[in-house]
Amino acid sequence: MSNRKVIATTSLAGCFGCHMSFLDIDERILDLIQLVEFNKSPIDDIKKFTKECDIGLIEGGVCNSENVEILKEFRKHCKILVSFGECAIMGGLPALRNTLPIEECIREAYLEGPSVSDSNEEGILPNDEELPMLLNKVYPCHEVVKIDYFLPGCPPRADLIWDTLYALVTEQEIKLPYEVIKYD
Amino acid sequence: MDSNRVEEIIANYNRDKTRLMDILIDIQTEAGYIPATAIPVIAKRTDTSQAYVEQTVSFYHFFRREPSGKYTVFLNNSVVAFMMGRDKVARTFEEEAGCKFGEVTENGLIGLFDTACIGMSDQEPAALINGKVFTRLTPFRVREIVRNMKKGKPLDELSTSGYGGGKNASDLIRAEVRNNVQRQGPVMENDYTPGTVLREKLKHFSPDEVIWEIKLSEIRGRGGAGFPTGLKWEFCRRAQGEKKYIFCNADEGEPGTFKDRVLLTEYSELMFEGMALAGYAVGATEGILYIRYEYKYLEKYLKHVLEKMRKQNLLGKNIAGKEGFDFDIRIQYGAGAYVCGEESALLESAEGKRGEPRFKPPFPVEKGYLGYPTVINNVETLCTTVKIMQFGSEWYRNLGTHESRGTKILSISGDCRYPGIYEMEWGYSVNDILDMAGADDVQAVQVGGPSGSLIGPDEFDRTICYSDLSTGGSFIIFNNTRDILQDVVMNFMEFFIEESCGSCVPCRNIPWLLKQKLEKILQGHGVWKDIEDMEEWAGMMRINRCGLGQTAANPVVSSLKNFRALYEEKIQKGKRFDEGFNLEKAVIESCEAVGRIPLI
């Protein structure tokens with residue numbers, strides 16, 4: 001079993017939808033577990049890297065300082081990094097805020113939005129130093145660290161995730177027929 | 001502008017939605033912008049929707065949505081303008097006027113805007129002010145012009161530069177534009193009396209025989225694509241259609257090209273006669289000269305020439321006494337869009353729509369203007385066909401080289417002593433041309449404009465012809481003081497970003513991405529991967545719909561090919577990744593917004 005590849009996964013500024021899609025590989029997860037072991041990942045709830053990994057899957061873009069830190073950790077500990085899903089690749093929905101000044105976003109979220117205007121009478125803004133700091137915009141992962149592969153989709157289909165992992169783990173070239181790369 | 005006047009203008013064009021460009025141009029010219037209130041009126045009267053009108057208005061650079069100043073200055077920002085001191089000229093405009101480019105002064109007197117090449121590369125920096133051309137601008141002249149604007153003087157009195165030579169000085173043009181004809185070849189030779197071909201030659205030639213003669217001459221289109229002209233006419237003649245059209249493409253928008261401007265000024269009769277000849281050959285009764293808005297200063301003169309030709313029976317009914325030979329020409333203006341030089345985009349524009357290229361086939365010779373078979377020829381091509389008919393295909397075949405017959409009119413600009421237009425037989429080398437134009441110490445030459453190729457000294461022995469260095473005529477010279485990447489490639493990429501019609505995804509995005517990469521490399525953050533990415537991404541441009549889109553990455557492609565060392569020397573050695581992300585900088589704004597000290 002010692003030659004199994006080691007996989008780590010994380011969700012940064014994402015919705016965990018890509019991880020859900022990952023779980024959609026269904027019973028193939030039993031095959032997968034023969035081929036790989038998981039390290040840091042929400043799938044087995046390992047919080048910190050305990051060994052060097054072969055493959056890191058990144059869901060979500062980079063919206064705060066904690067995301068940056070985690071992403072850099074992944075780069076340090078994984079031989080291959082894969083951005084999986086629209087948010088990791090292009091920022092996705094969270095990046096909609098990129099067109100607005102951050103100050104406006106914060107005001108809307110904590111002071112003026114219809115769901116908070118009554119409940120935050122003291123006008124408290126989240127500024128505890130324990131909290132991650134927001135970045136000026138949401139970055140795609142490859143603008144922060146080097147990313148080796150990109151798996152598009154919102155979320156990427158389970159079959160595509162399976163095919164990709166299988167190709168990476170068995171060190172074969174992935175087959176990408178026309179239907180797979182055509183999106184409309 | 002009151003709505004009655006808008007109604008009047010619409011009525012002048014029979015409330016025809018295919019004349020939307022004319023309607024909008026008239027409103028723009030009179031009001032200085034397209035008032036929002038005019039749009040619903042146009043939509044209602046032409047039986048279209050507001051969205052239909054809006055999409056056309058928003059497409060063209062010269063249609064303004066807001067008042068743009070009593071005097072609206074469009075200062076050219078092409079590469080040659082910068083080489084000839086545009087920076088200082090622009091700064092002086094800003095200082096004297098008291099507003100930045102892209103703005104209008106508070107009192108609404110002066111608006112300053114950038115515009116792409118206006119076809120004056122041999123006399124830069126140049127600007128259009130309310131449609132009038134001002135060339136060879138210097139800070140001194142700008143101060144004078146702005147001072148006169150502040151005094152409210154009419155356009156003609158803004159500057160005391162005198163008129164350019166030839167017909168530029170005529171009462172109907174009165175422009176300070178110079179022709180700078182440096183070399184006159186057989187096409188531009190003044191050995192021609194207007195009307196000779198229509199009156200004398202056509203007595204002996206049937207339409208089929210005209211086409212045969214043109215085919216024998218082996219002339220190919222002079223706009224750049226080089227399609228055999230005789231074949232094009234033959235296709236159109238054979239095509240089924242109750243009406244046929246002849247278009248003259250005078251939308252020369254390729255930066256560095258200005259030969260059509262000179263032909264339009266000095267040889268318009270030759271050109272109109274060429275259109276009539278083409279009309280005779282293919283059986284068309286209507287011709288349209290599609291001309292770029294930048295050349296609107298020629299309008300009065302061109303209309304006068306058409307009127308004169310009608311009086312001489314060289315246009316109209318039974319031309320030159322030939323029973324059933326009916327042909328007339330109208331002028332259609334564009335409104336500032338490079339892509340309209342592409343023939344199918346030109347047709348869309350002439351039909352009053354956004355200038356987005358069509359899918360081909362069908363080609364315009366089968367289904368062109370308003371769905372009728374249409375021939376679209378360049379100004380120079382049409383002028384040449386008349387000369388071919390006069391002197392014979394044999395005469396023409398003896399000019400140029402075996403596979404590139406005849407001559408080509410080159411527009412030469414940049415670092416040389418004698419910028420201007422040169423009519424040359426095909427087959428001269430780049431070295432010959434540089435020698436002729438008086439260019440020393442040359443680092444690079446851009447042949448065929450930004451969409452053509454940028455070549456260095458080791459390729460100066462290549463020849464100008466269809467099979468080697470093909471060109472629509474633009475020839476921009478850069479000497480060794482120029483920074484090729486920063487001054488040239490960057491300028492060209494900005495041009496293509498601005499001028500993409502936006503239809504095809506690669507053309508809309510890749511030039512922008514390439515510019516980002518180039519900026520990154522120039523700022524010293526580049527890595528090898530950036531060069532690889534640029535090459536790979538530029539390859540995707542081939543899936544764009546039109547020829548212009550397919551070549552829009554050429555400044556990068558050809559500089560990477562021929563000036564690779566310039567890129568490589570700026571790349572960080574031994575570094576594999578650098579996207580320039582800086583956490584400290586990225587958190588400053590949000591920390592300020594919530595009132596905390598960044599902790600990194």
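In the predicted model, A276(B) is in contact with L198(B), L314(B), L315(B), I319(B) and F327(B), its neighbours within four places in sequence being left aside. Contact here requires C-beta atoms, placed from the backbone, within 7 Å. A276(B) also belongs to the largest nonpolar core, which holds 172 residues. Together with V73(B), F247(B), M271(B) and L277(B), A276(B) touches the most other members. Helix α12 (residues 268-282) of chain B gives this core its largest share, 10 residues. Apart from this core lies another, of 39 residues, including V68(A), F84(A), A88(A) and V587(B). A nonpolar core is a set of buried Ala, Val, Leu, Ile, Met, Phe, Trp, Tyr and Cys residues joined through C-beta atoms within 7 Å. Buried residues have 20 or more other C-beta atoms within 10 Å of their own, exposed ones 12 or fewer, and partly exposed ones fall in between.

Residues are numbered from 1 along each chain as its sequence is written, and chains are lettered from A and ligands numbered from 1 in the order in which they are written. As the model is predicted, local features need pLDDT of at least 70 and side-chain atom pairs count only at pLDDT 80 or more, while totals for chains, interfaces and linings use all residues.

Chain B contains 24 helices and 15 strands. These are DSSP runs numbered from the N terminus: H or I of at least four residues for helices, E of at least two for strands. Of the 600 residues of chain B, 50% are buried. The C-alpha trace spans about 90 × 60 × 50 Å along its principal axes. Among contacts in chain B between residues at least 6 apart in sequence, 72% join residues at least 24 apart.

An open sheet of four strands in chain B runs β9-β8-β7-β10, with parallel pairing. Pairing requires at least two DSSP bridges between strands. β9 (328-333) and β10 (374-378) of chain B are at the edges with a single partner strand each, so one side of each has no neighbour in the sheet. β8 (residues 286-291) of chain B pairs with β9(B) over six bridges. Within this pair, I288(B) stands opposite R330(B). Helix α12(B) lies across β7 (245-250), β8, β9 and β10 of chain B, at about 150° to β7(B). Axes are lines fitted to C-alpha atoms, for helices over the stretch in contact, with angles from 0 to 180 degrees between N-to-C directions.

The contact between chains takes 17 residues from chain A and 16 residues from chain B. On the chain A side, β6 (134-139) is among the elements supplying at least two residues. The largest share, four residues, comes from β6(A).

Technical notes:
Two residues are in contact if their C-beta atoms, placed from the backbone, lie within 7 Å.
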